[in-house]
Amino acid sequence: MHLSQDVIIDAPIAQVAELLADPQGPRKWHRDLQSIDLKRGTAGTPGAVSELTYLDKGRTFKVTETIVSLDLPRQTVSTYKGPGMLHTLTTTLKELGPSSTRVTVDNDIKLSGVAKFAGPVISKGTAGQMKHRAEDLKTVLEGGSLG
């Protein structure tokens, strides 16, 4: 399945790219992220593998993140593997003006095993999560607080 989310951020493309390139950057806009544990490679570079631990609605879950490519300020591609699913996120930046950037996240999801039966539920939950993350990224980059 494929999901896509766009957000226009009132910030220069260099500022957006800097946050996305920061290995600890997700801590600033992923409200539910508890930890990032580098397993292999150099943090923030292609080939780096990290375990991300999230707490969502009282449930802890872990995913393995692999940075596939990092070509910022243009694009970054990462995979996220969890039980029964593999997400490939392609994040593309487009400069709309000196202080405006469009961020597009394309999420290709492959489900396996029992997770295939939950496809519609997973799709709906992932779409909601993508929307909230885009809003939170916008808030952080525009100088706001996630409070």
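**Sheet, helix and an aromatic pair**

Biologist: What is the strand order of the open sheet?

Modeller: The seven strands are ordered β1-β7-β6-β5-β4-β3-β2, with antiparallel pairing; strands are DSSP E runs of at least two residues, numbered from the N terminus, and two of them pair if DSSP finds at least two bridges between them. This is a predicted model, in which local features need pLDDT of at least 70 and side-chain atom pairs count only at pLDDT 80 or more, while totals for chains, interfaces and linings use all residues. Residues are numbered from 1 along each chain as its sequence is written, and side-chain values use heavy atoms, leaving out hydrogens and water.

Biologist: Which strands stand at the edges?

Modeller: β1 and β2 (33-40) do; each has a single partner strand, so one side of each lacks a neighbour in the sheet.

Biologist: How many bridges join β1 to β7?

Modeller: Eight bridges join these antiparallel strands. Gln5 stands opposite Val105 in β7.

Biologist: Which strands does α3 touch?

Modeller: α3 packs on the sheet, touching β1, β3, β6 and β7, where contact means heavy atoms within 4.5 Å. Helices are DSSP runs of H or I with at least four residues.

Biologist: Turning to aromatics, how many pairs does the structure hold?

Modeller: There is one aromatic pair. Tyr54 and Phe61 are stacked, at 5.4 Å centre to centre and 15 degrees between the planes; rings of Phe, Tyr and Trp (its six-membered ring) pair if their centres lie within 6.5 Å, and planes under 30 degrees apart count as stacked, over 60 as edge-to-face and the rest as tilted.

Biologist: Are Tyr54 and Phe61 buried or exposed?

Modeller: Both Tyr54 and Phe61 are buried, meaning under 20% relative accessible area with a 1.4 Å probe, protein chains only.

Methods: Buried < 20%, exposed > 50% of the residue type's maximum accessible area, 1.4 Å probe, protein only. Axes fitted to C-alpha atoms, helices over the stretch in contact; angles between N-to-C directions.
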